[in-house]
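Here is a briefing on one protein model. Look through the sequence and the structure first, then read the notes below.

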Amino acid sequence: MPRAANIFLPRLYESPPMRLILVAAPMSAHHPFRLAADMSAAQVQRARTLSGRLGGSACQTAPGTGVLALELGLQPNDCAALGAQDFGHWTDMTLDEVAATDPEALSLWTRDPEARPGGGTSLTDLCATVRPWLDQMAASSADRVVALAAPPVLRGVIVSALDLPPIAGFRLDIHPLAPIHLVHDGQRWTWRPGNPD
């Protein structure tokens, strides 16, 4: 008796799958709504370790992540979509300052994908902004692209790539310099855990 087809298996294509490697840039320790101005010695060492695996890849960088790209052995290539997160008037505030002056808005932002932090960009809006960029990556002739951005932006990328409801973004804990691998097989994006080099 023939075995039933497994409908969950991805379709096979003649061309190799396109790999998108997401790497979160460190955020400022004192101002968590903006990128760190400098990396710590440990972060620099981590980036240089990763460069052995990522060096030579095509690269897409959020504005402000060019130094990280160079530490990873990559050529910066600014991409506006990856810098789409806007924290409005929270940008230069500490978390304690936001909690003291705008506690209800801060609480809402952690559970409502429509909430606009500091009057900036909601998670829902962010997902809509990065989706066209994801489509461009899926159609790219490169077989591997590394994307560098802030953790909130990468939440939007993952939610959009996997067609998750935006609220799922709050359940994604993204650590700086911990690569996340997405693969496009010509039809859809999938998340591939580990280091599928």
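Buried means under 20% relative accessible area, exposed means over 50%, and partly exposed lies in between (1.4 Å probe, protein chains only). By that cut-off, both faces of β1 are covered: M18, L20, L22 and A24 are buried on one side, and R19, I21 and V23 on the other. The model is predicted: local features need pLDDT of at least 70, side-chain atom pairs count only at pLDDT 80 or more, and totals for chains, interfaces and linings use all residues. Residues are numbered from 1 along each chain as its sequence is written, and side-chain values use heavy atoms, with hydrogens and water left out.

**Overall build**

- The protein has 6 helices and 5 strands. Helices (H or I, at least four residues) and strands (E, at least two) are DSSP runs, numbered from the N terminus.
- Along the sequence the pattern reads β-α-β-α-α-α-α-β-α-β-β.
- The C-alpha trace spans about 65 × 35 × 25 Å along its principal axes.
- Of the 197 residues, 40% are buried.
- Contact means heavy atoms within 4.5 Å. Among contacts with a separation of 6 or more, 66% join residues 24 or more positions apart.
- The protein exposes about 10800 Å², and carbon and sulfur atoms supply 54% of that area. Accessible areas come from the Shrake-Rupley method with a 1.4 Å probe; for residues, only the protein chains shown count as cover.

**The sheet**

- Five strands form an open sheet with mixed pairing, in the order β2-β3-β1-β4-β5. Two strands pair if DSSP finds at least two bridges between them.
- From one strand to the next, the twist averages 25 degrees. Axes are lines fitted to C-alpha atoms, for helices over the stretch in contact, and angles run from 0 to 180 degrees between N-to-C directions.
- Strand β1 (residues 18–24) runs parallel to β3 (residues 144–149), joined by 6 bridges. L20 has V145 as its bridge partner in β3, and I21 stands opposite V146 in β3.
- β1 and β4 run antiparallel, joined by 5 bridges. Here L20 stands opposite L182.
- In β1, 7 of 7 residues are buried.

**Helices on the sheet**

- Helix α5 (residues 123–138) lies across β1, β2, β3, β4 and β5, at about 135 degrees to β1.
- Helix α6 lies across β1, β3, β4 and β5, at about 150 degrees to β1.
- Why is α6 largely enclosed by the rest of the structure? Because 10 of its 11 residues are buried.
- The buried residues of α6 include P151, P152, V153, L154 and G156. Their cover includes β1, α5, β3, β4 and β5.

**Nonpolar cores**

- A nonpolar core is a set of buried Ala, Val, Leu, Ile, Met, Phe, Trp, Tyr and Cys residues joined through side-chain atoms within 4.5 Å.
- The largest core has 28 residues; L20, L22, L82, W133, V157 and W189 have the most contacts inside it. The elements that give it two or more residues are β1, α5, β3, α6 and β4. The largest share, 7 residues, comes from α5.
- A second, separate core of 14 residues includes L68, L74, L148 and L177.
- Which residues does L82 contact, leaving aside neighbours within four places in sequence? Among them are Q60, T61, A62, W133, A147 and V157.
- In soluble globular proteins, nonpolar side chains tend to be buried together.

- D163 is found in the loop between α6 (151–161) and β4 (180–184). Its phi is positive, about 55 degrees, although it is not a glycine.
- L177 is in the loop between α6 and β4. Its phi is near 60 degrees, a positive value in a residue other than glycine.
- Is each of these residues buried or exposed? D163 is exposed, with a relative accessible area of 61%, whereas L177 is buried, at 2%.
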